Amino acid sequence: MNRIQMKRHSTKTLLLKLAALLIISLAASHSTKASVISYTKNANGVVFKLDKGLMDIRVCKADIIEVKYTILDAFPQKNSLVVNNTWKEKASFTISERGGQIIVSTSKLNITINKTTNAITYSDKSGVVITSEGVENKSMEPATIAGIATYNCTTKFNSPADEALFGLGCHPEDSLSINYKGRNQEMLIKYMTGAIPVMLSNKGYGLLWDNYAASNFYGAEADNTQYKYISESGKMVDYYFFYGPDFDHIIDLYRTATGKAPMYPKWSFGLFQSQDKYTRQGEILGVKDNYRKNHIPVDAIVQDWYWWSPLPIGSHVMSPERYPDPKAMIDELHKANMHAMISIWPVFGSGTKDFDDLKSKGFLTSITWDNFVTHTFDTYYDAHNPKARDRYWEQARDSVVKRYGWDAWWVDQCEPDNGSLLDVRRKADFSVGKGIDYFNTYSLEHSKGLYKGWRKDIPGKRAVLLIRQSFAGEQRNAATLWSSDITCTFASLRNQIPQGINACVSGIPYWTSDIGGYLSRVDKDGIPDWSLPKYRELFTRWFQFGTFSPIMRIHGKGERALFSKNWDDKTKAILLNYDKLRYRLLPYTYSLAAKVTNENYTIMRSLAFDFRNDKNVYNIPDQYMFGPAFLVNPVTQQFYSSNNASAQTKTRKVYLPKGNKWFNFWTGEMLNGGQTIDADAPIETMPLYVKAGSVVPMGPNVEYATEKPAGAIELRIYPGANGEFKFYEDENDNYNYEKGNSSTFSFKWNDKTRQLTITDRKGSFPGMVKKHTFNIVLVKEGHGENIGISNKADKSISYIGKAMIVKL
C-alpha cells in the first residue's frame, strides 16, 4: 500500500469511527431522551406529552400510583386482568413545578418528574427518597419474537447498596438466596417455573408490573446500582407503585388494587391426605377408615388424576369399574367429618363429548399437552374466553363436581404445560389476543371461571382451589399456590422455604408444598421407599415445616399416610405430635385467616414484614414468622441418615430478631433478640420460638377441625412485652360471613400491670358458642411449654361476650 492509499485508508477509517461514534451517540440519545414537552391534569392524574411518546401518572390513591408509558401515538385500550379496582373514589393531588421538575403531590407522597429525562422519583412527605427510576427508565424497543412483531417493554430503577428485594412469586427449583438484590430471575410461567410480577423492597415500597408476557428481572444492573424488569411483548409500560412503608400496608394496597382473598372453610386449615394416586373407591374409603380408627387428625382426602381412565382426559367421567358410586363414597367421607378434593385438568382428549362441544363452539386453543400416559396430544381450552370458561365450568359441574358433592378442586396442569414448545404458546390465538401477550395469565383466567361458577352454583360451600401456577390477582379466586412436582430430597425441602416465603410476599396468602416431595428421580417409577431411614427423616422434617405452612398437605408418590407401615413407632409418634399441634393451633390460624380476608394480612411472613429495619434478616432464606407469634425454623440438614450422621451436631443456626425477647416453644426458656444461636434440633424438634407479648389461643385435641366448637381454649401469654390478638369465629363453611355473620373479640395483654383485658364480643351468628372457657397460662420455663395441654392454668375463666379484666 503506497502513501496516498495509506492516507485514504486512514481518512476512511477515521470517518468510519466518527460515524460509529455518531450512531452510538444517536442511539444513546434515542434511549435516554424522552423529555417532557407539556402536560395536562385530569381527574385521575397527569398525562405528559414527551418528545417521544406519552406518559400517564394516575393517582389511584394517595399511596397507589399507576405509571404508563408508550411510544405509540395514543395509549392502547386495556382491560387489566390483574387490577380489578376501578378507582371510583378520586384521590386528591396537586401539581407544581420547580427547577426543571414537575411535582405531583398527594397526602402521602411526592412524585417528582424530571422534565429532561421523564424519570420519576418517589419521596415521602418529609422529602426522603423512597425509590427512583434511572435516567434511562421506561423504554419500548421493537422486537420480533416467534415471528411476531412487538415491543420489549422495560423499566429501570435505582437500587442503593443496602436495598433488599423480595417477592416475584414461587420458583420451585430455585436454590439461590431469598433476596433478589444482585441476582436475576426468569419470569415466565411454564412447568416447574412460576412468575408473579410483584416485588417489595425494604425501602418501604412495592411494585406490580401489569404485563402478562414472558419477562425477566435483572437485579444487578449498572454495577449493582439498578434493577430492571423487561417484558418481551407489550404496547406500553404499565406498573403500579405502592407505598407502605411497612410490608403489611403494601400488601393491603396490592390487594386493594387486585382483590381480597375470600375466607377458606375451617376444615381446609387441617391436614390434607393425598397420594399419587388413589385409583379406586375402596382405596379412598380405606384411607378414611385408617385415619379415624387410629384417631389421627385429618380433614380432607384428595383424589388425584386419572380417575377417568381408560376414557380420554377431559371426559369428566369417573371410571365406573373403579368408582362404582362416587356420591356414596363422598357421603361416607362426609359422615366421617372428612372432605373430598378432586383433580380436574383444563385439557381435553379428542373423542369425548366435552371436547366436541368445546371445539364446535370455537373454545379450544392450538396449545396441546404431550400426554405421556396415552401418548396423545391433548388440547387446552381457551381460559381467556369468558364464554369458554362458563362452558368448562358447566361441564365439570354437571358431570363431577356438584353431581357427587366434591368439596374442593385441585386445578392441575394450568401453566399451560406444553413442554419446550413455548413459541406455540406465543403464537396461540386467545379470544383476547395473541398468546405472547397473555403468556402468564392462563391460570388466573382459568381460576376466575372456576371461582365464579362455584360461587354461583355451590353457594353453601366456600371455594377451595389448589393451583399449580398462580399469577398476580389470583388470591381473589380462592387460590392456593402449590410448588409443583418437586423432588423427594433435602435440597428440594431447602428450596421450598424461601419460595413459600416469597410467594406470600407476592400477595398470594395461601401457599403449600407436597410434604415429602412429589417424586424421586433416583428410584424406580419415581417412588421412594419411605421405610428407608433417609426418607423417614426427610418426611419428618418436611412434615414439621408443613405444620407451619398456610395449607398443610401430604402428597406424592408412595404410601406416606400417617398410619402407614412405612413409619416406625418413633416416626409415627413425632408425626402425630405435629399433626396434633396443627389442630391445637386452629383457633389461632383460623383467626389469622379472617385477618387475611378482612385486613389483607399475610400468615407466612418474610422476616421483613415484622423486622424490616433489622438488616440481619434480609438474607435469611429459611426462617419466617407464622402469624404474629411464631418464628419458624425448619430443619433441612440430613442429621441422622447421612454418611457422617454420627459426627454431626444436631443443631441449626437460628437468628432471633433484635428488639424483642423470644421464648423457646418447647421449653419456655426466654432469650434475648439480636443474636444467632445454635438451637437444638433432634429429630423430634423443629426449633420454634414465640415472640414476647404474644397471646396464642390453643384449642383442645381434636380429630377434625370443627369437632369441639365449645372446647376449652388454652390461652398462652408470653410475657415481656405488651400484646394483642383478635379472636374470630363464624359458621366455618359458607359465605354468610360476608353478610356479617361472624364474631370477634380481642385479648389485650399489659405486661407492666400483668393484666389481660378481653373486649366485648362484636357480632353474632347462628350456632355461635355463647360461653367460652379460657384456661390462661402465663408462659415461663417449664410452664406452658410444648404441644400438650398444660396441667395447671394460672387462671380459668368463663367468657360470655362481655368485657372483662383478668389480673395475673
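Which strand supplies the largest share of the lining of the second largest cavity? Before the answer, some ground rules are needed. This is a predicted model, in which local features need pLDDT of at least 70 and side-chain atom pairs count only at pLDDT 80 or more, while totals for chains, interfaces and linings use all residues. Residues are numbered from 1 along each chain as its sequence is written, and side-chain values use heavy atoms, with hydrogens and water left out.

The protein has 14 helices and 46 strands, where helices (H or I, at least four residues) and strands (E, at least two) are DSSP runs numbered from the N terminus. Its C-alpha atoms fill a box of roughly 100 × 70 × 60 Å, taken along the principal axes. For 808 residues, a compact globule would have a radius of gyration near 28 Å, and the protein agrees with this because its own value is 28 Å; the radius is taken over C-alpha atoms, and the globule rule is 2.2 Å times the number of residues to the power 0.38.

The structure holds 6 cavities of 30 Å³ or more. A cavity is a set of points, on a 1 Å grid over the protein atoms alone, where a 1.4 Å probe fits but cannot get out, and lining residues have an atom within 4 Å of a point. Grid points are joined across faces, edges and corners, and a volume is the space filled by probe spheres set on the points. In the second largest cavity that space is about 70 Å³. Strand 10 (148-158), strand 16 (226-231) and strand 17 (237-243) each supply at least two residues of its lining, and the largest share, 3 residues, comes from strand 10. Among the lining residues are C153, T154 and T155, together with W209, Y229 and D238. By class, this lining has 5 nonpolar, 4 polar and 2 charged residues, with Ala, Val, Leu, Ile, Met, Phe, Trp, Tyr, Cys and Pro counted as nonpolar, Asp, Glu, Lys and Arg as charged, and the others, Gly among them, as polar.

From the cavity we turn to the packing of helices. Two packed helices are described by the angle between their axes and the distance between the axes. Axes are lines fitted to C-alpha atoms, for helices over the stretch in contact, and angles run from 0 to 180 degrees between N-to-C directions. Helix 4 (residues 281-293) and helix 5 (residues 326-335) pack at an angle of about 5°, with their axes 10 Å apart, and the two are therefore roughly parallel to each other, a term for angles under 35 degrees. Contact, meaning heavy atoms within 4.5 Å, is made by Q281, I284, L285 and K288 of helix 4 and by P326, M329, E332 and L333 of helix 5. These comprise 5 nonpolar, 1 polar and 2 charged residues.

A cis peptide bond, with omega about -5°, joins D276 and K277, and K277 is placed in the loop between strand 18 (271-273) and helix 4. Another cis peptide bond joins S309 and P310, with omega about 15°, and P310 is found in the loop between strand 19 (300-303) and helix 5. Y306 also lies in the loop between strand 19 and helix 5, and its phi is near 65°, a positive value in a residue other than glycine.

Definitions and conventions
1 Å grid on protein atoms, 1.4 Å probe; cavity = no way out; pocket = protein on both sides within 12 Å on 5 of 7 lines; lining within 4 Å. Parallel < 35°, antiparallel > 145°, perpendicular 65-115°, else oblique.
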